[in-house]
Every structure is written in C-alpha cells, then in structure tokens.
Amino acid sequence: MIEEIQEAIEKRRTFAIISHPDAGKTTLTEKLLLYSGKIQAAGMVKGRKGRKAAASDWMAMEQERGISITSSAMQFSYKDVIVNVLDTPGHEDFSEDTYRTLTAADCAIMVIDASKGVEKQTRKLFEVCRIRKIPVLTFINKMDMPSREPLDLMNEVENVLQIHSFAMNWPIGTGRDFKGVVDRMTGECIFFTKLSHGGAQKAGMQRVPLASDEAKQTIGETGYKQLVEELELLEMAGNPFKKEEFLSGDVTPVFFASALTNFGVEPFFDAFIHLAPSPHARLADKPDGTEVAIDPVTTPFSGYVFKLQANMDRRHRDSMAFIRICSGKFERDLVVKNHRLNREMRLSRPHGMVAGERTTLDVAYPGDVIGVINSGFFSIGDTLSITGGFNFKPLPQFQPEVFAKLHTKDVGKRKSFDKGIVQLVEEGAIQMLRPFEYEGDPTFAAVGRLQFEVMQYRLKDEYGVETVLTPLPYQCSAWILGDIKTYVKSVSSIIVQDKLGRPMGLFQDQWDKQYCIRHNPKHQFVDLLA
Ligand code: G4P
C-alpha cells in the first residue's frame, strides 16, 4: 500500500494557472489538453466567451455543464505524469473561491501578457502563493505580438512581486519575427514552425546548437549578434538556477512563449512536469497549538474542503463539497472524521473529472480533488481524516472590495431570504458583516462584483426570493487589530465586524484608508488573514 501511494504521488502534479483576464490562461489550458492528446485540435474548448458573460448566463452555463467539477479540477495524463489542473478564475467571476482554490495547488503557473506585464489580479493571486509558499513558474505569453523588452518584463516581475526571476529560455525575435527560443539549460536554439492556422495543431519544432551555422543563418547576422550579447548579459547578471530555490518560492523560472501559436509551449510543459513538485507534506495545527507536518505517504487518508458549490440537484438543498486529498489513499465509501463536528461520515459517490469526463471515483491519491455531496455537514476549510488530532491551516481571507445592502422585494419571503443567505454565507459565496457594537442590517461584502450578481441570481433561482441590491460607497477594507476603544475613525469610514466578530474598517477609497492608518499608529491594518 505504501509503495502504491508513493508511486501515485510521484506521478502527480497539482497546479493552478494564475493570471489577469485576457493574458491567455484559457488558451494555455487548452494547449495542455492538445499536447496531452486529450483534444484533437485547439479552439474546441467551449464557453470561453461565456465565462466573460453576465452572472445569469454564467450560472446557466455552469448548470448545463453539470456544474462545476469542471471548473474545480480536471485530471489527465501528460507524458508520464498525471496532472490535476485547478481552476482559479481570473475573470469577472473572480471571487474568494479563487483564493481558496489556489491553496489546494502545489504549484502555480503565472501567465503574463508580454505587452502588459504584471497586472492587478495576478498580483493578488501571487500574494497567496507567497504566503502559502507555493512555487510559481512564469509564462510570458503573446510573444508573437508586439511586446515589451524581455529584460524589462523580468525586472517588473522582480520589482512588483518581490521574487527573483531566472530566464529558463530567451526569445529569438519578437512579434512577427518570433522564431523560437534559446533553451538556456542546453544551449540549443529551438525553432518553431506553424503547422496549422491559429495554432489548432502542435507547432513544428527543431533543435540546433546556438553556436551552429544553421542557427546563425536562420536568425540572421544582426539578430544573432544581439541574441548572443543578451545571453552573455544574462549569464553575467545572475546566479545559476537552483531547483530548491524555486521550490522554496525564492525564484521563479521564466519562459517566453506564445500559447496561441504553440511556439514554446511544448518545451514549457516538459520543463513544468520536471520542475513542479509532487504533493508533499502539509502543515497542520494540533489541539495543543503545536504544528505538525502531515506526510502524504505515511499518514492515512486526510484532506480538507476548499470549495462548496450549492444545489447540484435542485430538488434538494444539497451542495457539492470539493476536497483536496493531502495524504493516504482514498477509497469510495471511506468513513472519515470531520474534525470540526467531531463526527464520522461516509464519503459516498465521490466524483472526479478524469480525462474530460465526470466520473465516479473508486480511488484517489494525494494531490487529487474529489467532489462529494454535502448535506450540510461540510464547511469551507473543514479537515477530514481517519486518525483525527490535527487541523490543516485555515484558508486565507482577503479584504473585500465591494459592499452592498440587500433586501427582499417581498417581505413575505423573509424566511426563505434568511435561509438562502445563511447557506450562501456558509458556503463562502459571500461575506456578511454586522454593525459593530449595535444591532442593525448586515452589510454584504465580496472581493469581486460578480459574487453579488451570483448571490442575487441564486436567491431567486434556488430560494424564489427577488432582492434589491443597494451598493455602498466603500472600495476597500482592512481588519483592524488593537484596542478598538482608542481607534480614531474618519468621517467617511465605518467599522463593522466579520462573522468571527473581528473588527473591520470599510473605507471610501485608498486615501480614506491611508488617513485612518496615519491617525491610528497603534493599530494594525491587515489586508489578508493568512
Ligand atoms: P484568459 O483565459 O486569460 O482570459 O485569456 P484567453 O486565453 O481567453 O485569451 C485572451 C485573448 O488573447 C484571446 O483572444 C486569445 O486568443 C488571445 N491570446 C492568447 N494567447 C495568445 C498568444 O500567445 N498570442 C496572441 N496573439 N494572442 C493570444 P480573443 O480575441 O479575446 O479570443 P478568441 O476570439 O481568439 O477566442
């Protein structure tokens, strides 16, 4: 059994792709499917446009697809490894789920648009990787388009994200002249050729030594000279690449490529499966407050719930709980302890998304994600295991950025409204903030606007309650640590409390927040509870 688990773990790579909208995450995911042989031609993955559509379309689409095991995790094999791709929307459907899902990954691919550099949502998601010590590979995309200088992009990654970068390859030409890359590990040029329109099929690939006449001829004299100079500069500027530094989150290996044309895609995936870590020990807290590392091989089954998705079956108020397996072998109908409730439960009818099909799983291993029906017994962050005695680290919580009041249109529906809100809050779909030290209507908070649209849609669709949403004029927030009695509030900000009673300031804008920070030097303002 131990050997079986060990072997399964060594084969697995569980990762998420993080990016700002439009950087090319969907295209790269699709290319991973193309190169793994799961789809015959790229351009077939449905719903790309749909993901950018309104909430109701989005929900309808999710339901049509048989909800969201697809958007939670997908498993397939690439060469001799098994990859689990976790979905972390970087789009308008950006929400707290996105952050939580990222914690279930062992590694992340950060896709950056070569003409734009590091953008806002990438920065936020990267922050979770840093806190969780998730190693990040950087994929600088769209090199077939006019782009910024490669060195400039590397500097931006270093300065904005505060991480060292190491160019694993270097582009040969950019825009229309993007011919290939130099593999800095082997000193070879890899030239690519288009074999189909729009990158529907794999690109042709030819490796030749950088120092060869063939390389010089293909690149042209001026280009070749410049390339050699740039490579020399890189050699002088940096230390050699060390895999340990990547795994500890101190350096990000950078790859230049074009997901659309497939130029650089295959060498990237090959490097990825070589560099990306297999599922490893995860830290947990013991009841006595000490930390323990949960070994994936020797600890019997354990995992945690990182996402809940309501109402797979509309006749029931059921939801689906997604569990990341952290240790041991999972077998269908396994009876596990839910540590929070201190009770045993059977994990029956577990689902997975294997090779593009939703299937009932008989077995699963660390790194895999299973979806089970939740009849109200799972909450976000729950630790499940055979042995008990520890809890995986709490999931990070980000400061919300959009706030609103919500009322039912029909007072007669108050009961259903309350019930729906309780479930949505429990699921982590939305945050409910209460006034601090007095009774009053709650404020609803989210990290993305679409979370509100989804909330209203679901209240109507699943609970039959029409609601009116009144946006509030706050744009940022922070948890406030320190004695709240001595806290000095600005005129335009308010103080509320989160579900655990922790005080939180809501501010009209960054200026307002900075004002409060300046006037409360004894208090700490926290944007992220990790
Ligand atoms: P996202 O999931 O990160 O939001 O990005 P997505 O892959 O949907 O890509 C956003 C747009 O960028 C798409 O164009 C896509 O074709 C284009 N794109 C992705 N990778 C590359 C690349 O390497 N080079 C170039 N030139 N374009 C790229 P679109 O017009 O919005 O959509 P579509 O009509 O092409 O589907």
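**Figure 1. The end of helix H6 and the packing of H6.** Lys133, which follows H6, has a positive phi, near 55°. The model is predicted: local features need pLDDT of at least 70, side-chain atom pairs count only at pLDDT 80 or more, and totals for chains, interfaces and linings use all residues. Residues are numbered from 1 along each chain as its sequence is written, and side-chain values use heavy atoms, with hydrogens and water left out. Helices (H or I, at least four residues) and strands (E, at least two) are DSSP runs, numbered from the N terminus. Gln121, Thr122, Lys124, Leu125, Phe126, Val128 and Cys129 are the buried residues of H6 (under 20% relative accessible area, 1.4 Å probe, protein chains only). They pack against elements including strand E1 (12-19), helix H5 (96-103) and helix H7 (150-161) (contact: heavy atoms within 4.5 Å).

**Figure 2. Aromatic pairs.** The structure holds 17 aromatic pairs (ring centres of Phe, Tyr and Trp, the last by its six-membered ring, within 6.5 Å; planes under 30 degrees apart are stacked, over 60 edge-to-face, the rest tilted). Trp170 and Phe256 make an edge-to-face pair, 5.3 Å centre to centre with 75° between the planes. Trp170 belongs to strand E7 (residues 169-172) and Phe256 to strand E11 (residues 251-256), 86 residues apart. Both Trp170 and Phe256 are buried.

**Figure 3. A ring cluster.** Tyr35, Tyr78, Phe139, Phe255, Phe268 and Phe269 are linked into a cluster by ring pairs.

**Figure 4. Arg343 and Phe377.** Arg343 lies over the face of Phe377, 4.2 Å from the ring centre (NZ of Lys or CZ of Arg within 6 Å of the centre and within 35 degrees of the ring normal).

Terms used: Buried means under 20% relative accessible area, exposed over 50%, partly exposed in between (1.4 Å probe, protein chains only).
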